Structure formats: C-alpha cells, structure tokens
Amino acid sequence: MCGIIGFTGGSPALPFVLSGLRRMEYRGYDSAGVALCGGSPAKIEIRRAVGNVSALEAEVAAAPTDPAATCGIGHTRWATHGAPSVKNAHPHLSPDGRIAIVHNGIIDNYAELRDRLAAQGHVFASETDSEVIAHLVAESEAPTLAERVMWALSFVRGTYGIAVVSADDPGMIVVARKGSPIAVGTGGGASMVASDPAALAGRAESVAYLDDGDVAVLTPGAFEVRSLANTPVSRPCSPLDIDPASVEKGGYEHFMLKEIFEQPEALRNCLRGRLLPDDGTAKLSGLRLGPRDIASLSNIVVTACGTSYYAGLHGVYAFEEFAGIPARIEQAAEFRYRNPIVTPDTALVSLSQSGETADTLAAVREAKRKGALVLSVCNAVGSTIAREAGRGVYLHAGPEIGVASTKAFVCQVAALSMMALLFGRTRRLSGTEGRAFVKALASAPDLVAAVLARNDEIARIAEKHAAVRDAFYIGRGYQHPAALEGALKLKEISYVHAEGYHAAELKHGPIALLDENVPVVALVPQGPDRDKMLGNVQECRARKAPVIAIATEGDADVRSFTEDVIEVPPCPDFVAAIPVVVAEQLFAYHVARLRGEPIDRPRNLAKSVTVE
Ligand code: F6R
C-alpha cells in the first residue's frame, strides 16, 4: 500500500524516481508526487498530482524541476487519512520548505502530535497523518539529518516506512522503517531505496532489507544502517534476484493477463526440485523440519487474508486428507484478537503473496509469542513475514504486479499440497499413494496450459455474460475454496457483485436470489463431489439461473444442460482446483475487459495491504 522510491547518485534523479513510481503504481494510485533536491544553493522542489503516475508526469512536464538534481524521492499513494488530492499527496514539506518526506503506514498518534505542533504555531497544509513527520524533523536541533529523523520518530506511535531529504544535506536520503517495508540498494555509483524491491530490478546490484527500528543514511553509492538509538547495525546485502522483464508488461495488454499466462512457468518454478517422484514425497528444505518434528505436530492453523486465505482453505483440506493432521483456517485479522488456542505442537502456516500484509504479520507475531511453530508460505523473497517466520516455503512465482492475485494463488495451492504430501508421507501415506500424489501435482503446469489454450472460448462465454449484475460461484470439497476465489476475482476487477458458496449452502438462503438474470458458475470437475454438484446445478436451473460450468473435458452430462462449459483436463480433485481457478481468472479478466474496467488497478484496491 503506497509506494516509496528514492535515488541519490551522479546522474539526474527524476527519470529514476518516475520510472520507479510507475513500477510501484499497483501499490496505490490515487495520487503521486516527487521531491527533488539540488541546485546551488540547494533547494527542494516538489511536484504532485491526483491520479496515476501519468498525471504526475504531465505535471512535471508542465512545471519542470531542475533537470540536474541528482537526489530525489517519490511516492504513490493509497489514501488513508485525507481524500486523494494534491495537498494530501506526498511528499510533504516542513514549514520552511527545506525538508521533504514520503511516508507509508499510519501514524496512530498524529492528532496529538499535530495539536502539540499547532499550539507551537505550526500550520499544516494537508489532512494527512504523514505531514507531522516533516514538521517534527524540522523542530529538531540535532546536528545531522539522521539524528533529526531519529528524534522525530521517538515521538511517533504507529507504522512507517519513510524517506526524508533536506536542502541542508543535498545528496543524502534518510530512510527508516517500522512495520512498513523498506529495501535499500546500491548500483552504478548510486544509492536507492524502494518500498518494493521490484522497483529496483535491473538498477540495484545488491540490496539490504531494513528491519523495524532501522534508520539508513544513503549517499551516492553507499549506505549505512543505524538503530533508532543511533548505534551501527549490520544488515546483510544480497544480489537482487528479480528479472527486470518480470516487472514489465511484455506485450500483454495487462499485467493480470501476463501473470495468468505465466502460470505454467510459475508452477514449474514452484515445484522444481521439490517433488521426489521415486520416494513419493516432497523436499522443502526451508521448513527445516525433520521427520520427528513432523510426527510430533498435533494440529495446523493456517492463517491469511483474501485470496491467500482461500488458498489456505484448500491447504486445510489437504492437510487433513493426506497428512491426517487436524487443521483449521483462521482469518488473519481475527487471530490476535480472538486469542485462539495455540500449543507448542501447533504449526501455524501463514500465507502471504507479498509477505507484508499487516494482519497476517500480526498473526505470525502472536503465534510466535504463544510458542507455535511458525511456517510461512510467501512469494516476495526477503519480505517481513518470511523473515520473521524464519522457516517456510517460497513460491518462486516471480513478482505479481496485477492487483488481483493470480499466479500466487496457484503456487500457494501447489506449495501447500507439497507440504501436505511431505507431512502425509512422514505420517500415514504409503509410497504408492505418495508417488500417485507426486504424479498428479507434477502435471499442474500442463493442466494450466490446457486451460490457457481455451482463452478465446472463455472470452466468448464471458461476452455472453459481460452485462451481468450479480453472480454466484458454487463448489464442493476442493472446489469450495475455488468458488470463493472465483467470486473474488470477478468482483474485484469487474465490479460485478459475486458470491462464492459451498454448493450445499445455496439452498440455506442465497437460492432466493436466483432468477434468469443471475448466472451461477458451477465447478463440476470429475471427482467424489461431481454427482452431488450436478444435483445442485439442477436446483439452480429450476430457478432459471443461467449456468456456466467448469467441468472435465468430455463430460456429456454437463453439456446436456448448458452450452457455457469451460473444460479442464481430467485430474484428481485436489489438483483440479488449479486449472479450475485459472479458468475463473480468465473469465473474470474478460468480463472486466469487456466492461472497460481498469483491470490492473481496480478502484479502492492496492496490492500489499500494510494497514490493519
Ligand atoms: C485478491 C488479492 C488479495 C490478497 C490479500 C492478501 O486478488 O490479491 O485478496 O490476496 O490482500 O495479500 P497477501 O497474499 O499479499 O498477504
């Protein structure tokens, strides 16, 4: 949520900052701004605009900043305090205009700080919580910018990732982190900062991730990290392993479509080297669990938000079915408030594509406090949840830029399936059962490729239903989480009201809403639930609801009652959710495209929800 970028080097900063903002637009896009520090004597120039980064580029073109400025920071905003407007857009300035800050996160005690500063004569230009930071830094009489920032932060309660520049320290950027990610890097004689390392791909040769309580001082080509108490801190630097092409659209109309089509490759990367066909098990070294650790687990709690939650529900079914370990899912936002029962033999599996979701992170911390074995399943390497959990599985799906999660979901399902296999083979699955599992899971990339080959067909079905106002998605067993995920995909990118239900739940209330204008997407691939699903579909048809079926290739029974069938190849039901969800993603994508919606940046949403 919100993006921070910064550059200080021997070349103009503005092009870097603007292109970094473009790469991070998916984190927030209701307004954007830059602050450039340069000139002689040095001064700060800010430009801000409502809307996306193109609006900011137009603003900069209309009122150019000093093109030679070699130090700058930028921000793309997802509004929390104060509506999207120029005055609320970051950067924010100190009263004398000599300090500029950008901020991600929420300052909980901003009202109190603002009142105190106002009583001293400070006048605020925005409605944001962030502006108090610029005013506080300006109040400090400490000798260095870093110390002034540390002093200011000593009054702040809440979460922040900040970058600060001062006209009195040209060429320097001070950054700090508490609860909102910050990566710093160097390359080509410059130093740079971003809230998302993907923005540094192809630019930073190496990066370091700040921990909470770190303050870093960036000068051209170097940075040093200190604690808030101003003692030196060492943070490991590593090469940035993100392909710059993965953060570009590569000829696709939308990132979401590109990421949908990347799924066979993402799954291959996720499964590579981890499935052991001969032993019929999985190798997941990052879990650092031996057979005795696995044997002593008494229960599993999976926790996550949104799409990751639905992948987690799939995992719960798999843990119980294949590993025989009692498992349940907890909404991450509830975890620390509900005070759930966690024991030392509980494994808490936290799922997060970004690894930065505030509620999931809070659940991880609470579970650690309670002594659970915490395992993470994250996509973003080096993300806070992955680092704090200390053990886990990376998805290796590559950066996901489209706000609607796609390739992360299928890889989460694959990663959880591998965990269920490993736990199952340690506890109760035979070698034969394990080998059959490996074979089925290893086919996932090909199953997805087969669905992608039907893209045109799916687009035609979407065309018939593009004007719909409401829709239901129904499934049973592993297709239940898939139904929830399909409905979420449709609603978030096309703004069609869609509800996912367990198929059996329909007649306990929602069936009252069905009529000829409310299509039902029925997930009916082969498997133990197919026949019962067909019964549920008949109930929908009896209410005249149009049915769109996602079914196994050649299922004549399904064809007999609807022509809108999206076929997936035959496979066991626990794997079928993967191609079924890909079919749902394409359906949602085409409905949104036909309705002309901004698919990669749906209104009100942002990638990586770093506020509670
Ligand atoms: C929906 C979507 C969100 C995220 C949720 C959790 O398409 O992307 O529902 O799944 O915000 O995000 P992560 O997985 O980053 O914790």
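At what angle do helix α13 and helix α20 pack, and how far apart are their axes? Before the answer, some ground rules: this is a predicted model, where local features need pLDDT of at least 70 and side-chain atom pairs count only at pLDDT 80 or more, while totals for chains, interfaces and linings use all residues. Residues are numbered from 1 along each chain as its sequence is written, and side-chain values use heavy atoms, with hydrogens and water left out.

Now the helices, which, like strands, are DSSP runs numbered from the N terminus (H or I and at least four residues for helices, E and at least two for strands). Helix α13 covers residues 407–427, helix α20 covers residues 573–594, and they pack at about 175° with their axes 10 Å apart. The axes are lines fitted to C-alpha atoms, for helices over the stretch in contact, and the angles run from 0 to 180 degrees between N-to-C directions. That makes α13 roughly antiparallel to α20, a label for angles over 145 degrees. On the α13 side, the contact (heavy atoms within 4.5 Å) uses Phe-409, Val-410, Val-413, Ala-414 and Ser-417, and α20 brings Phe-574, Ile-578, Val-581, Val-582 and Gln-585. Sorted by class, that's eight nonpolar, two polar and no charged residues.

Next, the nonpolar cores, meaning sets of buried Ala, Val, Leu, Ile, Met, Phe, Trp, Tyr and Cys residues joined through side-chain atoms within 4.5 Å. Buried here is under 20% relative accessible area, with a 1.4 Å probe and protein chains only. The largest core has 101 residues, and Met-419 and Phe-423 have the most contacts inside it. Helix α20 gives the most to this core, with 15 residues. Leaving out neighbours within four places in sequence, Phe-423 touches residues including Leu-287, Ile-300, Phe-319 and Leu-375. Another core, of 36 residues, lies apart from it, with Phe-16 and Val-53 among them.

Over in strand β25 (residues 520–524) you'll find Val-521, buried at 3% relative accessible area. Setting aside residues up to four places away in sequence, Val-521 touches Phe-472, Tyr-473, Ile-474, Ile-548 and Ile-550.

Finally, the cysteines: a disulfide needs a pair of cysteine sulfur atoms within 2.5 Å, and the count by this rule is zero. The closest cysteine sulfur to that of Cys-2 is in Cys-305, 17 Å away and so too far for a bond. For Cys-378 the closest is also in Cys-305, at 12 Å, again too far for a bond. Cys-2 is buried at 8% relative accessible area, and Cys-378 is buried at 0%.

Terms used:
Buried means under 20% relative accessible area, exposed over 50%, partly exposed in between (1.4 Å probe, protein chains only). Angles under 35 degrees count as roughly parallel, over 145 as roughly antiparallel, 65 to 115 as roughly perpendicular and the rest as oblique. Ala, Val, Leu, Ile, Met, Phe, Trp, Tyr, Cys and Pro count as nonpolar, Asp, Glu, Lys and Arg as charged, and the others, Gly among them, as polar.
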